[in-house]
Amino acid sequence: MWLALCQSLRVSVFLDALHKRPTSHTPIWLMRQAGRYQASYQAIRQKVDFLELCRTPELACQVTVDAVDQLGVDAAIIFADILLILDPLGVDFSFEKGMGPKIATPLRENAQIDAIPDEIDVEASLGYVGESIKLARAALDVPLIGFCGAPFTLASYAIEGGGSKNYHKTKQFMLSDEPRWHALMDKFARALGAYVSMQVDAGAQAIQVFDSWIGCLGPLDYDRYVAPHTKTVLDAVQGRVPTIHFGTGNPELYPSLKKAGGDVIGVDWRLPLDEAWSRIGEDRAVMGNLEPATLLAPKDVMCARATEVLKRAAGRPGHVFNLGHGIMPQTTVDQVKCLVDHVHEVSAR
Ligand code: 1CP
């Protein structure tokens, strides 16, 4: 009886915060909470490569659940990657050891873009992510987040051929051939919409859209070239589960991100939380905004910075504690656990 009550409370804290309902403490989870900084993850990766791990539901489930068990966070995120959808879109990619993603033949020619399918069969191509979600739901006592990359961030990988510093090729294409740019973004957006719908069908209780590299654009270009397509993705699950719209790098974009959609806006560390929230407006929940590098600092410094974020949130309903971007691989599990405990303790109401 007690156990059932505690479990239902643990479930509701995160989802209540997404809905801007008052909670007993500020829920916390961390982007990239499953990954290379964990010995348990490294042990699995010694046996299978990264893509095989993503495509094996039992292992993806295990990695998802291990992170929650080790850290005591209030939500899980399914173990997968934003690039997996490039498979059914016909864009070949790989992960080289110790490096980021590499696209075999980056999208540079009109014919390549025209050849991308208008529709994909998500069950046939990405059904393994749905299977991971079903297994993880059965094993978890906290809510499970599904996710995808936003059309712009995904397009930037496909066009640049991997990670990029300046996104020159992406911007050149966007500014040179607007109709074809919109055609590409629309194909990506509709595929992504079908993908996140499938994740919700499988049991994902919230969806996060990662526009990790959107900060290279200004608001006018964002509104014109990107917003309608991210909206397509978010609209695909709107009203079914809460959505988190995350972007980094340029706080001037927050009003535009909000207009494109998302019940929750994910913010980085470039503005203090209260300022970011007032730019977004208090009608939305927010997620963030601890600088990831504070996890590399002494514990007292990290905890003081976390307390500062909580102070600026001022206990208002609708704050989910997170980093402003993913956990760095140099971080220790002990340090992350210390942060989670500290946030739970200091925010207890
Ligand atoms: O070597 C390894 O084991 C692979 C490292 C790794 C991991 C652990 C990659 C390669 N992806 C992931 C998992 C992952 N990626 C998750 C689930 C884990 C969790 O959050 O707990 C998620 C949500 C992602 C999403 C993702 N992949 C994003 C968006 C989030 C962000 O950090 O901005 C991006 C940009 C990617 C691309 C990607 N995949 C992997 C790497 C190293 C990168 C980034 C490369 C770059 O900097 O360009």
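**Ligand site**

I started at His 325: one of its polar side-chain atoms lies 2.6 Å from an oxygen atom of the ligand. I counted this as a polar contact, that is, a pair of N or O atoms within 3.5 Å; within protein, one must be able to donate a hydrogen and the other to accept it, and residues adjacent in sequence count only if both atoms are side-chain atoms. The protein covers 89% of the ligand's own accessible area of 890 Å². Accessible areas are Shrake-Rupley values with a 1.4 Å probe; for residues, only the protein chains shown count as cover.

Next came Ser 212. An N or O atom in its side chain is 2.5 Å from a ligand oxygen atom. Ala 34 uses its backbone instead: an N or O atom there lies 2.9 Å from an oxygen atom of the ligand.

How many residues surround the ligand? I noted 22, and the closest are Tyr 41, Arg 45, Tyr 157, Ser 212 and His 325.

**Model and confidence**

I am reading a predicted model, in which local features need pLDDT of at least 70, side-chain atom pairs count only at pLDDT 80 or more, and totals for chains, interfaces and linings use all residues. Residues are numbered from 1 along each chain as its sequence is written, and side-chain values use heavy atoms, with hydrogens and water left out.

I checked pLDDT, the predictor's confidence in each residue, from 0 to 100. Its mean over the protein is 96, and 97% of the residues reach 70 or more. Residues 1–5 fall below 50, and this stretch has zero contacts in the model beyond near neighbours in sequence. Contact means heavy atoms within 4.5 Å. Where pLDDT is low, the predicted coordinates should not be read in detail.

**Overall fold**

I listed 14 helices and nine strands. These are DSSP runs numbered from the N terminus: helices are H or I with at least four residues, strands are E with at least two. The radius of gyration is 19 Å, close to the 20 Å that the globule rule gives for 349 residues, so the protein is as compact as a globular protein of that length. The radius is taken over C-alpha atoms, and the rule is 2.2 Å times the number of residues to the power 0.38. The C-alpha trace spans about 60 × 45 × 40 Å along its principal axes.

I then looked at burial. Of the 349 residues, 56% count as buried. Buried means under 20% relative accessible area, exposed over 50%, partly exposed in between (1.4 Å probe, protein chains only). The protein exposes about 14300 Å², and carbon and sulfur atoms supply 52% of that. Among contacts between residues at least 6 apart in sequence, 74% join residues at least 24 apart.

**Helix α11**

I looked up two residues here. Ser 256 sits in α11, residues 254–260. Buried or exposed? Ser 256 is buried, at 6% relative accessible area. Its side chain makes a polar contact of 2.8 Å with the side chain of Asp 223. Leaving out residues up to four places away in sequence, Ser 256 touches Pro 219, Tyr 222 and Asp 223.

I found a 2.9 Å polar contact between the side chains of Lys 258 and Asp 283. Beyond four places in sequence, the residues that Lys 258 touches are Ile 265, Ile 280, Gly 281, Asp 283 and Arg 284.

**Asp 66**

Asp 66 lies in α4, residues 57–71. It counts as buried at 19% relative accessibility. With residues up to four places away excluded, it touches Gln 38 and Ser 40. I also took the C-alpha separation between Asp 66 and Asn 110: 44 Å for 44 residues along the chain.

Which residues does the cis peptide bond join? I noted Gly 288 and Asn 289, with omega about 0°. Asn 289 lies in strand β8, residues 285–290.

Tyr 167 is not a glycine, yet its phi is positive, about 60°. I placed Tyr 167 in the loop between α7 (151–160) and α8 (168–176). It is buried, with 7% relative accessible area.

Ala 314 also has a positive phi, about 55°, although it is not a glycine. I found Ala 314 in the loop between α13 (299–313) and β9 (319–323).

Methods
A residue is near a molecule or strand if one of its heavy atoms lies within 4 Å of it.
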